[in-house]
Amino acid sequence: MKNTYLQKFLLIAAIGLFSQFSVAQDNTANLAAAKQIADIVASINHFPSDADKMALNAIIDDSALAVGIHAMASAVVNIEHATNSEGKTAMAAIQANDGAPDRAKALAGIIASLNHTASADAKAELAQLYP
């Protein structure tokens, strides 16, 4: 297991305490990154492609983006057939965050429930959330 319980706690604390979603709702860089994550989630077939992983790692490395965006990119980059427990925990924290916009919560829910590929309903929802 790559992450320790302390790292999980710190991730949840960072998402809960320092979430920038409410401040960054109109931030075009965060919105573009969320759309890119949504597009990758819609195209996943068991795991992200090498090109998708490169794009997700670029999002993770971009310190100007919101903490929640980093958490979503991290959860997606680590998908191997399904979202791992750390990713599910991080996505649950986003969904529980009152400051997160509804579409971020919806994307987090889709990421958390991903199993091999996004369902047709999830893909349709992603297309509506991030056109």
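These are my notebook entries on a predicted model of one protein chain.

**Ground rules**

I number residues from 1 along each chain as its sequence is written, and my side-chain values use heavy atoms, with hydrogens and water left out. Because the model is predicted, local features need pLDDT of at least 70 and side-chain atom pairs count only at pLDDT 80 or more, while totals for chains, interfaces and linings use all residues.

**Entry 1: the whole chain**

I looked up the secondary structure first. The protein chain has 8 helices and 0 strands. Helices (H or I, at least four residues) and strands (E, at least two) are DSSP runs, numbered from the N terminus. Along the sequence I read the pattern α-α-α-α-α-α-α-α.

Next came burial. Of the 131 residues, 43% count as buried. Buried means under 20% relative accessible area, exposed means over 50%, and partly exposed lies in between (1.4 Å probe, protein chains only).

I also noted the surface. The chain exposes about 7,000 Å², and carbon and sulfur atoms supply 56% of it. These areas come from the Shrake-Rupley method with a 1.4 Å probe; for residues, only the protein chains shown count as cover.

Then I checked contacts, meaning heavy atoms within 4.5 Å. Among contacts with a separation of 6 or more, residues 24 or more positions apart account for 65%.

**Entry 2: helix α3**

I moved on to α3, residues 28-43.

Which residues of α3 are buried? I found N30, A33, A34, I37, A38, I40 and V41. They cover an arc of only 160° around the axis, which puts them on the same side of α3. The arc is that of the directions from the helix axis to the C-beta atoms.

I looked at the N-terminal end too. N27 caps it, with a side-chain oxygen 2.8 Å from the backbone nitrogen of A29.

**Entry 3: the salt bridge**

How many salt bridges does the structure hold? I found 1. A salt bridge is a side-chain nitrogen of Lys or Arg within 4 Å of a carboxyl oxygen of Asp or Glu. Here the side chains of D39 and K35 meet at 3.1 Å, N to O. Both residues lie in α3, 4 residues apart, about one turn of the helix. D39 has 40% relative accessibility, so D39 counts as partly exposed. K35 is partly exposed as well, at 28%.

Q36 lies in α3 and is partly exposed at 34% relative accessibility. Beyond its neighbours within four places in sequence, Q36 is in contact with A55 and I59. Q36 and A55 are 19 residues apart in sequence, yet 8.3 Å apart in space, C-alpha to C-alpha.

A55 and I59 are buried in α4, together with D52 and L56. What covers them includes α3 and α5 (67-77). On the face turned away, I noted the exposed residues D50, M54 and D61.

**Entry 4: a loop residue**

Where is N97? I found N97 in the loop between α6 (85-96) and α7 (102-113). Is N97 buried or exposed? At 11% relative accessibility, N97 counts as buried.

Methods:
Polar contact = N/O pair within 3.5 Å; in protein donor to acceptor, adjacent residues only side chain to side chain.
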